[in-house]
Amino acid sequence: MGGERHEPPPDEFEAELGQIDALNSMDAPRTGPPNSQGPADGTDEAARRRDSLLLSAGQAVAEADSLDEALRLVAGLYAPDFPLDGQFVFGIGDGSLRALGEHGFRPGALIDRGFRMPMTTGYPAAEVARTGRAVFLASTQEYRRRFPATWHMSARKNRSAWAFLPLVNAGRVVGVWLAAFRSPVAFTTSERALLTVTSRMIAQVLERARASKAELALSRGLRLSMRTAGPALTGLTVATRYVPTGGGLMVGGDWYDSIDLPNGRLALVIGDVQGHDVHAAGLMAQLRTAVHAYAAEGHGPDAVLARASRFLTTLDEDRFATCIYIEADPSTGDLHIARAGHPHPVLRTPDGTCLIKHISGGLPLGLMPGEEDYPVDIVRLHDGEVLMLCTDGLIENGGHDMYSGWVRVRDAFSPGPAEDLEGMADRLMTAVLSPEPGARESAAARDGDDIALLLLRRDTGQPRAEVNQRRLVLTIGQDRGEGLSEARAELKALLHDWSRPDQVDTAVLLATELLGNVLVHTDQDGALTAYVTGETGRRRLLVEVMDRGDELPHQRTPGELASSGRGLLLLDILADQWGVRPEPEGKTAWFALAEAPLADTGDAATA
């Protein structure tokens with residue numbers, strides 16, 4: 001989960017420093033006769049002072065959020081007898097060393113130039129990366145003797161001693177830390193131990209920084225996948241906004257989606273997964289994909305939420321999510337809405353009046369397995385009206401409760417022309433994200449919950465993408481087998497001027513198959529509804545057959561002599577689009593055909 005740290009506890013640092021203290025007593029004094037206590041006491045005192053500095057800095061380094069901060073803290077170990085003057089961190093990848101961070105060298109000298117060095121180079125850091133063993137160079141002479149090919153790279157830097165230590169994570173060398181000293185250093189046993197402890201802390205910071213970078217990349221990718229919703233169908237306009245405000249990620253558990261459905265409708269989704277960490281972001285991505293898939297399969301709003309709830313339960317039993325799913329019909333403005341524990345939508349009328357539109361709802365997704373009941377309410381969106389969907393961050397950020405937050409949203413949502421939907425969205429976000437007069441800067445929403453916003457407007461005076469020009473509705477009872485022939489005749493009459501007679505035959509065949517399935521395989525009546533929409537020559541036929549049976553049809557592979565089982569196979573071959581969607585009671589099977597112009601009269605005559 002985002003925000004978790006995996007540094008060793010302070011006791012571990014104290015234990016390691018205790019070992020260094022023991023090593024200090026074993027180090028030979030640097031000057032003075034064997035029986036002289038003055039210099040030795042001074043050496044021990046200086047060593048203990050360094051250990052004390054490291055102990056106080058250790059926890060700060062372990063909690064550092066970046067490599068640069070960790071190197072700055074380590075630089076505080078400088079002392080006259082431990083003249084730490086510069087640090088450099090090399091990363092390892094693709095058979096070479098690369099610059100990751102520095103302190104005390106010329107800022108950006110190598111990092112900005114994209115420094116890379118082959119691992120085969122005769123350079124101390126390359127040897128450490130290859131072998132995993134530290135290299136201590138106590139003087140310029142030792143450096144020149146051991147690494148004659150590269151010693152000049154450091155000789156002109158006014159440093160006189162160098163320590164190169166491996167940065168190890170999970171038993172693997174992931175980098176090299178260079179500690180450079182202004183004057184020669186003997187690198188006693190205790191000094192080497194101190195540098196080793198420091199390198200372990202830097203390795204932990206490096207790994208944590210890489211994990212944070214990976215989380216940031218994940219959140220950035222998720223946010224890019226949630227860009228502004230695509231163009232809505234003619235007659236509906238959609239505006240969206242998303243602002244991550246907590247956890248340091250670029251995305252959290254909030255999301256929205258706009259989905260073109262195969263039946264010519266538009267699905268709109270907004271939701272909020274519990275939490276603000278990378279785990280919530282990952283669950284959000286999976287849940288958003290699942291909802292999209294269930295919608296594309298043709299399920300109704302209640303079925304989409306029920307399936308999404310069961311899906312979330314299989315992913316994480318400790319997390320839940322709230323959600324609203326809307327299936328919008330652009331031709332009528334009808335909105336079929338299902339709600340799972342999410343805040344109610346807000347309806348703005350053409351005169352600017354804002355009303356909370358109370359929608360029946362069920363429990364949040366994934367909260368109680370087996371209790372997936374999501375009633376569907378139908379709301380008609382009239383010309384010029386705007387429906388607002390949002391997550392609770394839009395209402396509660398900045399320290400507001402649901403009431404005061406609603407007043408703030410209403411005051412920002414109400415004014416201005418409805419034609420400027422993008423400006424309306426910007427005004428809402430500005431009202432929430434900007435600190436209110438007299439409030440502290442910290443009162444702004446940047447440290448609060450994520451915000452997802454979706455506005456849906458039914459446009460005034462715009463031609464509809466599909467205006468129902470013809471419609472056929474009929475019901476065939478179980479005791480009226482002759483109703484099939486009547487249905488065929490009425491459907492042919494509906495398509496009397498269709499440009500392709502062969503498509504009329506196809507439509508009649510497929511409608512007969514759907515009705516026949518109801519009469520043969522269920523004990524329910526079959527209700528057929530057919531729509532012809534669009535301009536002549538480019539029209540669209542949609543046929544829906546609904547029954548109250550619970551069992552969904554399954555595509556089979558019938559044998560050559562089989563007398564049934566070919567209905568869905570024919571749909572798959574002949575229809576432009578088809579599907580089966582569950583209803584609150586029963587199911588609806590449907591198919592669509594797009595009118596194809598007659599290519600050539602001569603070809604038709606020949607045919």
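Here are some notes on this model, which is a predicted one.

1. Let's start with the largest nonpolar core, which has 31 residues. The members that touch the most others in it are Leu491, Leu495, Leu528, Ala530, Leu541 and Phe591. Several elements put two or more residues into this core: strands 17 (468-476), 18 (526-533), 19 (540-547) and 21 (587-594), along with helices 13 (483-494), 14 (501-521) and 15 (567-574). Helix 14 is the top contributor, giving nine residues.

2. Leaving out residues up to four places away in sequence, Leu491 touches Leu472, Ala507, Val508, Ala511 and Ala530. Apart from this core there is another one, with 26 residues, including Val269, Ala280, Ala295 and Ala340.

3. Now helix 4, which covers residues 124-131. Its buried residues are Pro124, Ala125, Ala126, Val128 and Ala129. Have a look just past the end of helix 4 as well: Gly132 takes a positive phi of about 80° there.

4. Ser199 sits in helix 7 (residues 189-224). Is this serine buried or exposed? Its relative accessible area is 4%, so Ser199 counts as buried. As for what surrounds the serine, Ser199 touches Leu165, Pro166, Leu167 and Trp177, again not counting residues up to four places away in sequence.

5. On to charges. Side chains of opposite charge can pair when their charged atoms come close. How many salt bridges does the structure hold? There are 19 salt bridges. One of the pairs joins the side chains of Asp329 and Arg265, at 3.8 Å from N to O. Asp329 belongs to the loop between strand 10 (321-328) and strand 11 (334-340), while Arg265 is in the loop between strand 8 (254-260) and strand 9 (266-273), so this pair ties together parts that are 64 residues apart in sequence. Asp329 itself is buried, with a relative accessible area of 15%.

6. Glu535 and Arg538 form a salt bridge through their side chains at 2.8 Å, N to O, and both residues are exposed. The side chains of Arg581 and Glu544 also meet in a salt bridge, here at 3.1 Å, N to O. That pair links distant parts of the chain, with Arg581 in strand 20 (residues 577-582) and Glu544 in strand 19, 37 residues apart. Both partners fall under the 20% cut-off for buried: Arg581 has a relative accessible area of 8%, and Glu544 comes in at 12% relative accessibility.

7. There is also a salt-bridge network to pick out. Which residues make it up? Asp85, Arg159 and Arg182 are the ones linked.

8. Last, the cysteines. How many disulfides does a search of the whole structure find? The search finds zero. Two of the cysteines to look at are Cys323 and Cys390. Cys323 counts as buried because its relative accessibility is 0%. Cys390 is at 5% relative accessibility, so Cys390 counts as buried too.

Note on methods
Residues numbered from 1 in each chain as written. Predicted model: local features only at pLDDT ≥ 70, side-chain atom pairs only at ≥ 80, totals over all residues. Heavy atoms only, no water. Core = buried A, V, L, I, M, F, W, Y, C linked by side-chain atoms within 4.5 Å. Buried < 20%, exposed > 50% of the residue type's maximum accessible area, 1.4 Å probe, protein only. Helix = DSSP H or I, 4+ residues; strand = E, 2+ residues; numbered from the N terminus. Contact = heavy atoms within 4.5 Å. Salt bridge = Lys/Arg side-chain N within 4 Å of Asp/Glu carboxyl O. Disulfide = S-S within 2.5 Å.
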